[in-house]
Each structure stands twice: as C-alpha cells, then as structure tokens.
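Dear colleague,

Please find below the structure that I am handing over to you.

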Amino acid sequence: MTIHRKKKIEVRNLVKIFGKNTQKAVSLIEQGVSKQEIFERTKQTVGLYKVNFDVYEGETFVLMGLSGSGKSTLLRCLNRLIDPSDGHILVDGDDIATMDDKELREARRKKMSMVFQGFALLPHRTVIDNVAFGLEIQGISKEERYVKAEEAIAKVGLKGYESSKTSQLSGGMQQRVGLARALATDPDVLLMDEAFSALDPLIRSEMQDELIALQDKLKKTIVFVSHDLDEALKLGDRIAIMKDGVIAQIGTAEEILTNPADDYVSEFVAGVDRTKILTAENIMKRPDPVVSINAGLTVALQLMKKHGMSSIFVVDPDKVVKGILCVDAAAPASKEKKEIKDVMKTDISIIAPDIPIKEIIPIMAEDALPIAVVNENKKLLGVIVRGSILSALAIKEED
Ligand SMILES: Nc1ncnc2c1ncn2[C@@H]1O[C@H](COP(=O)(O)OP(=O)(O)O)[C@@H](O)[C@H]1O
Ligand SMILES: [Mg+2]
C-alpha cells in the first residue's frame, strides 16, 4: 500500500552563496572544490548548494547538522528572511523564491510563522502583548488580537501568566511565549530554529514532549532546526542531515541509523543509543518456518531438525500465533501420540512491531525463548531471537 501525502513544501535546487560573485563560487563547486577552499580563493561562502527536499503536510521535518552546515540559512530561505541565489521553494505550489514583496507578506501572514533561536521577545512587554505582537504587525484589530493571543497562551500552558513581564519568566516559559506568538497567527507551517537549544536539559526535554503533544493536536507542518541528534531523532518524522551546505541524507531515524549514506552520517550517528530508536520491526526475522497447529508433532520435529531450531512457533491457518513448541517437550510427547496443542507453551511473549529494543531486552532476559512480533490481530509478523538484538546493535562496529 502506498500512502499518498500532500506535499506542503517543495524545495528545488536551492542555492545560497554569500558574496557578490555567485557564479564564480558555483563553478568552483561544480569542479568539486571544497567550501573551505572556495572561501579562501574567492571570499564567497557557500551557504547552500542544490538543496532538494519535500516536506509533507502535518510532518515534523528536522534539519540537522554541525554548526555552520547551513541549517539556519536554509530555514531562513524558506520564508525569504534570506533571499536565495537560485532555486525554488514551493509552498502549496506557489514559489516563495519569486514572490514580490506584497505576495511575500501575504504568504508569511497566512502560511508561515517563525520561532527564533533565543526567543527574541520584547522583555518589557507582558506575555499577552508579546503574543499579540505578531498579530499587531499584521494589522489585526486590537480586540481580535487579544482573543487570539489568549487562545495561543492557553495552548502552550501559560494561562494565568498573561500580564507577567517576559523578562521575569524562566527560560522554558519564555520559549513557550515565543511558541504562542508563532501559533497565534495560526500558520500552516511553523519554522523553528534551535528553538529549545538555550534551555536546560530537563526543561528542554519537557518542551520537546510538549511540542510532540501539541503537534498531535494541531497537525502543523513543522520545519525544526537542531544541531542535537537526540532532539532530531525524538522530534523528526524525517530528518535531513546537512554538511557544508548540502544535504548528506534524508530519512526517518531508523533509515539513517540502519543505513547511513556516508562516513559523515555514520560518524554523526555513532554515539546514538540505538536501543531507543530501533524497534522490533527493525530487528525481527521472517517467521520461517512455523508449524500449523493442525500438523503432527513428527512434522514439527522434522522442521526443527532441518532448520537447526530448538523451538518453533505454532500458528493457526490465519497465521495467528497460538504458542511455541520446544524440542525437549515435543520429542518425548511424539512417542506418546500427543498433539502439538497438548505440549506447546501458550504462555509466550508477544510484542507489537513498534516496541523499542530497550523494552525488548528485559523480556529477552527473563525468557530465553524467541519473542513473537504480532499485529493487532495477533498474526505473526516476525520473530526476535537473542542474536537479532546483538547483531542490530553491532551494525556500526562491523562496518
Ligand atoms: N549573512 C552571512 N554572510 C556571510 N556568510 C554567512 C551569513 N550567514 C551565514 N553565513 C555562512 O553560511 C554558512 C551556514 O551558516 P548557518 O546557516 O548559520 O549554519 P548553521 O545554522 O547550520 O549553524 C556558514 O559558513 C556561515 O558562516
Ligand atoms: Mg543556525
């Protein structure tokens, strides 16, 4: 089944060269000259080069990479706070890159709001004034501004703080005000640049959780910039890893962890706790062979012998897991004319495909038998044996 999703943002061949001699820099890039060398030779900085990606409606898309890799430049090109040197940025099919000032103002007003690095609040104004400020510059009436600001404040959990001065709030609360200001205009797209980077680790983690919860309800399209891989993996439906102004890889957390595109990405993800990201589905093996509950014990024993297995899953004709048969129980029973269902173990561990490895390890430790990965109808999708976990975690070292 293919799921067709609406593309909210389409970025095509986006180029940004800082400096006056764009053409010179571009021709050097095409010759394979590095960003560093181009700067030394021409004093032009390659901000972005031929960047291509799509962001789907309702998706949280994370731009990730080391400092200076071009994340902010890319984000700021999306709403033309920075004018790209070349390329296209389609939002709902309209090209932001070629809009005149009036069209651009309209697009910013209706479609995109930005949450800045380090909050960018007006310190001496109150919370509600700060939140309403975005609406004020859009020329919305005072009455409507304050109604909308009030709603946005409630969404980010700041009810009761409307008349506090923002300078008196903690970092986490200031960031909520920044978020409320962006939400007040009810944009389709939220652009967030290192929005949580200035926060203490605990508050930061809390804000990430809240953004996820908020996003479940609001279903905005979010482009989130982060240099923190854990944050990217936590928030991003998909992640683009940037290096020197180009995208090194785009994919889901699983795709990037299990199949890094190059050494740069491998190095980037080397320190990640894979047990939090990889799930049962990523490490399970195909469930073969299995034995039908209607088969005889002799058949089951033959299958196990042939495949060198000491246990085998028992399924019904719909592939629903009924139990597991162990060789040491099956062998003596087969001489007593017993059936599979008399000797199979029915008290088995079953898990859903999206359970992270971290939660599978303790199950495995308690019970040496394989674990069945099943869908919501208990149909067998795959099996996990001890070796699957070890090999999934070892991918990196083997390479
Ligand atoms: N206004 C500017 N003028 C010249 N160079 C810039 C400007 N803004 C950014 N750059 C350069 O572009 C590159 C990408 O920067 P930036 O997008 O801020 O990176 P990131 O957000 O990933 O840390 C860096 O080499 C930076 O020095
Ligand atoms: Mg930046």
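Which strand supplies the largest share of the lining of the second largest pocket? The model is a predicted one, and in it that share comes from strand E12, residues 311-315, with three residues. The volume of this second largest pocket is about 280 Å³. Its lining comprises 16 residues, and those closest to the centre are Met309, Ser311, Pro370, Val383 and Val385. Sorted by class, the lining of the second largest pocket holds eleven nonpolar, two polar and three charged residues.

The largest share, four residues, is that of H4.

With regard to domains, the lining of the largest pocket takes at least three residues from domain 1 (7-111 + 188-272) and at least three from domain 2 (124-186). By class, nine residues of the lining of the largest pocket are nonpolar, six are polar and five are charged.

With kind regards

Technical notes: Residues numbered from 1 in each chain as written. Chains lettered and ligands numbered in written order. Predicted model: local features only at pLDDT ≥ 70, side-chain atom pairs only at ≥ 80, totals over all residues. Heavy atoms only, no water. Helix = DSSP H or I, 4+ residues; strand = E, 2+ residues; numbered from the N terminus. Nonpolar A, V, L, I, M, F, W, Y, C, P; charged D, E, K, R; others polar. Domains from an automatic or database assignment. 1 Å grid on protein atoms, 1.4 Å probe; cavity = no way out; pocket = protein on both sides within 12 Å on 5 of 7 lines; lining within 4 Å. Points joined across faces, edges and corners; volume = space filled by probe spheres on them.
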